Protein chains: 4
Amino acid sequence: MYNLLKGKKGIIFGALDENSIAWKVAERAHEEGAEFVLTNAPIAMRMGGIKDLAAKTGSEIIPADATSMDDLNNLVEKSMEILGGKIDFVLHSIGMSVNVRKGKHYTDQNYDFTTKGWDVSAVSFHKVMNVLYNKQAMNEWGSIVALTYMAAQRVFPDYNDMADNKAYLESIARSFGYFFGRDHKVRVNTISQSPTPTTAGQGVKGFDGFISYAEKMSPLGNATALECADYTISLFSDLTKKVTLQNLFHDGGFSNMGVSDAVMERFIEE
Amino acid sequence: MYNLLKGKKGIIFGALDENSIAWKVAERAHEEGAEFVLTNAPIAMRMGGIKDLAAKTGSEIIPADATSMDDLNNLVEKSMEILGGKIDFVLHSIGMSVNVRKGKHYTDQNYDFTTKGWDVSAVSFHKVMNVLYNKQAMNEWGSIVALTYMAAQRVFPDYNDMADNKAYLESIARSFGYFFGRDHKVRVNTISQSPTPTTAGQGVKGFDGFISYAEKMSPLGNATALECADYTISLFSDLTKKVTLQNLFHDGGFSNMGVSDAVMERFIEE
Amino acid sequence: MYNLLKGKKGIIFGALDENSIAWKVAERAHEEGAEFVLTNAPIAMRMGGIKDLAAKTGSEIIPADATSMDDLNNLVEKSMEILGGKIDFVLHSIGMSVNVRKGKHYTDQNYDFTTKGWDVSAVSFHKVMNVLYNKQAMNEWGSIVALTYMAAQRVFPDYNDMADNKAYLESIARSFGYFFGRDHKVRVNTISQSPTPTTAGQGVKGFDGFISYAEKMSPLGNATALECADYTISLFSDLTKKVTLQNLFHDGGFSNMGVSDAVMERFIEE
Amino acid sequence: MYNLLKGKKGIIFGALDENSIAWKVAERAHEEGAEFVLTNAPIAMRMGGIKDLAAKTGSEIIPADATSMDDLNNLVEKSMEILGGKIDFVLHSIGMSVNVRKGKHYTDQNYDFTTKGWDVSAVSFHKVMNVLYNKQAMNEWGSIVALTYMAAQRVFPDYNDMADNKAYLESIARSFGYFFGRDHKVRVNTISQSPTPTTAGQGVKGFDGFISYAEKMSPLGNATALECADYTISLFSDLTKKVTLQNLFHDGGFSNMGVSDAVMERFIEE
């Protein structure tokens, strides 16, 4: 629409199906003139329609387990070959709690599950940047974005250990962002998105009620996956070169609400 | 460059001279296809070259004292006439401490000066939104941005009562932003910018040393006025529709630094 | 109970009646062995039973308009005479919005009311510290506390311009706290208290429903006035000498909640 | 000194030697009338003089690897036997980065080291609370405190992966604190302490220069281990019953400083 990413090259993690934020980012990045590689875990790719997305956006797919340094090394090397140069933007949209999937309550975790979820959801972001940084695979003024959720700052009881994983992820963004900025002029930020009815999000208990609550709390309503993609594009573009180490709320205002009139309506009869 | 603001209409407060962030925003907004009205205090306009900017961007100038409801009512009405419709974006870039100008220390303020500075620097933002809101002068999904500084959150000893004024300004953004979002789908945010060598900024004591300190602390270095204009454009564009009530740091990463290697170098010999 | 304030001398602003937090602080400070002066605005004193409190705690009362530098100078001088030395602790518990009282909506303020409320609720804190600092009236390792509310950070629609006043107040705590710490080893903090059914709090629209909402959101329930007094005592004591420039939430956990199970119950039937 | 903890029973993790904050907490808790069990990792106990501390405070020692659920179950059961009832307070003062010890840079971590450090420094806090919660081992209005550092919020380049571990730890405090508050009226907080020259802290590169920097930045100077113990006592006492889910800075004001005059002195000559 605006050619905001004309000539830019990227890697997009986590496009599972057309409800995925990463899917929308890929579509929008393509519209804005970017070239990119799509990647996802081999197991996730079997379920999703990522091949349709690749066809639609003229992209290649490179499967990679984001917890495997070997896979990530291969991904980054191949991506630079395919795209013909260094990388300008990366989207990390990966998260999974085994405790949630297996129905373990936060107060009664299985710590093997905890470790696995932490590795997939949080450490994978460090590993991705480790490979990009040490291979010097990013162009100057490149942009790395990871998706996160406000449970990193405030309690949402059903979010389980994903809250702690997102806190760790956001810390990685700051810690690694310092070195990536200082040494390679690359910025690193996280977007803290409204609850979004993606296929992944729907695994969380009571999700529909929560979507409704967040909608009533937010003065502009919940942000959609497509709107999140738009915002991500702005962070990949040259309009935001000096924004780094930030956790950016994209949530219709939810994060700075104490209470809204619409939520209070449920409490006034008392 | 991208046509990001094509067809959008705006009001830009605070373009004093070519060092002003507001001046750069006007230039960039013009490049992105926007039409807008420039405004400044009558007294400020005598000093600056705002007429050159108006000529260059095809804009009209409407003088207004931003502490006067009469002036602001006139400004908004005239702007809608000139632009032929409601407003899509507004930049508030206004700040002045009489205590700083008159050399009064923070611990020994003249409270008449304090009140005047608060009215100009902070309450003016409420008054601007009061007029826009009550006249229903903003289009849906419009965007209002005010410039601020991190002294609102953390102590910078020479920033004097501007720290408190900026804290009040940022609170207005949240408080009014709720009603503006709920009722008119308008978003309200503040940009917390690196120290910038504008004509206004240079009035602050020890400013050069401070610029150097901030440069060394920030992994990407200080953000320039032009980079701030780019970032402001992204917030006026349709890419950021669901970002509201936020204070957004645009500072090369300074806000999330505890200390950098470059700053520590000055302390390691001990 | 513990002799935590034995030998300490203080000034307590804002004890109106037995529902006041300042009233409870006075009672608890007396139990902990402190001596202090009570003060309030002359007009407030006519309404309240402050004389009973003075009798009960062996305190003298010095009326003072906290917006008047003359009154504050007199208060501090007289207090040191009465108490026989410098001051160890000060409580600022003062707040009033004329816009709220007169029924003016946030988006349609009367700016004379706004200025008056800001002066009473926020600038008064600066004036109190101005007098204490410039008279060198505080002992080293003294403690100054002001009461605030989370509307300074997040939107509570009915809190009106008190939100902005509290943001300004909290900024004063940081700004003045720096100089008071650096020069006189005095700490300055604010306590951000749960909504409390004081006589002042009850003026806010929909307050009962809001109390109920906050109770359901907070894992430990709302903090009472007496509990706030206990917490204040801890901040006046020698146990907290290095805590300064902080805004301390005393709210049963509300401030770090995104949503609680008890609140979500109202939204799950949808 | 004040009998603040008279009749209270506790468990204190992490007293290694007399430089340890946990050591000071044990001494102060003893002075305040508490009874408690001391615990540390078997390997750490061989190095430290924890037996002297036990003798001095009339405490028993129960070795426990805080990453082992078996050890923690044993610890909590034995502690209740020894102390003759449920627990009122717990201090978690445990942290260790294998990457730091082995000289691995943040951008080039060994992920086995990362996992080990995360388990010891962060997950151990979850495990401790898991055991206490599921055994219903805490009395109502009990208090759990973990020590942390501001690297969880802001970048300190040499703090390495401990920054991310502390972010995870602080998130656990909120996440588990919700359930512990809701179900057992127990509060959970973290204290974010000044850099402290403990035996553990001294392993961090450039620590002396950093101590000096923090001292110059903080209006009240760095907080000592003993002062931290005093503050911890206040959080174990009944004065702070409604403080929960908080991260509390105990740092002489560092956390809310942008820059101090003393730090700026090093930058003004430019």
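Copies are superposed here by least squares on the C-alpha atoms of residues with pLDDT of at least 70 in both. The model is predicted.

Chain B is superposed on chain A by a rotation of 180 degrees, with 0.0 Å of shift along the axis and an RMSD of 0.0 Å. The C-alpha of Tyr2(B) is the one in chain B nearest the axis, at 2.5 Å.

The interface of chains C and D was examined next. Chain C brings 41 residues to the contact, and chain D brings 41 residues. The area buried between them is about 3,600 Å². Carbon and sulfur atoms give 61% of that area. Three residues stand out on the side of chain C: Leu220(C), Leu239(C) and Lys242(C). They supply 25% of the area that chain C buries against chain D, more than any other three residues. Of the interface residues of chain C, 100% are also interface residues in chain D, so the copies meet through the same surface.

Polar and charged pairs also cross this interface. Between chain C and chain D there are 4 salt bridges. In one salt bridge, Glu227(C) pairs with Lys242(D), and the closest N and O atoms are 2.9 Å apart. Residue pairs in polar contact between chain C and chain D number 16, with both residues at pLDDT 80 or more. Three elements of chain C give two or more residues each to the side that touches chain D: helix H7 (162-184), helix H9 (225-236) and strand E7 (247-250). By class, the residues on this side of chain C are 15 nonpolar, 14 polar and 12 charged.

The interface of chains B and A was treated likewise. Contact joins 41 residues of chain B to 41 residues of chain A. About 3,600 Å² is buried between the two chains, and carbon and sulfur atoms give 61% of it. On the side of chain B, Leu220(B), Leu239(B) and Lys242(B) supply 25% of the area buried against chain A.

Chain B and chain A are linked by 4 salt bridges. One salt bridge joins the side chains of Asp261(A) and Arg182(B), at 2.3 Å from N to O. There are 16 residue pairs in polar contact between chain B and chain A, both residues being at pLDDT 80 or more. Helix H7 (162-184), helix H9 (225-236) and strand E7 (247-250) of chain B each supply at least two residues of the side that touches chain A. That side of chain B has 15 nonpolar, 14 polar and 12 charged residues.

Ser171(A) lies in helix H7 (residues 162-184) of chain A. Ser171(A) has a relative accessible area of 1% and is therefore buried, the cut-off being under 20%. The side chain of Ser171(A) makes a polar contact with the side chain of Asp164(D), at 2.6 Å. Neighbours within four places in sequence aside, Ser171(A) is in contact with Ala163(D), Asp164(D) and Ala167(D).

Helix H1 of chain C spans residues 21-31. Of its 11 residues, 8 are buried, so the helix is largely enclosed by the rest of the structure. The buried residues of H1(C) are Ile21(C), Ala22(C), Trp23(C), Val25(C), Ala26(C), Glu27(C), Arg28(C) and Ala29(C). Charged residues are among them, namely Glu27(C) and Arg28(C). Just after H1(C), Gly33(C) takes a positive phi of about 95 degrees.

Glu215(B) was also examined. Glu215(B) lies in helix H8 (residues 207-217) of chain B. Its relative accessible area is 43%, so Glu215(B) is partly exposed. With residues up to four places away in sequence not counted, Glu215(B) touches Gly221(B) and Asn222(B). Glu215(B) and Val263(B) are 48 residues apart in sequence. In space, their C-alpha atoms are 9.4 Å apart.

Terms used:
Residues numbered from 1 in each chain as written. Chains lettered and ligands numbered in written order. Heavy atoms only, no water. Contact = heavy atoms within 4.5 Å. Buried area = accessible area lost by both parts, 1.4 Å probe. Polar contact = N/O pair within 3.5 Å; in protein donor to acceptor, adjacent residues only side chain to side chain. Helix = DSSP H or I, 4+ residues; strand = E, 2+ residues; numbered from the N terminus. Buried < 20%, exposed > 50% of the residue type's maximum accessible area, 1.4 Å probe, protein only.
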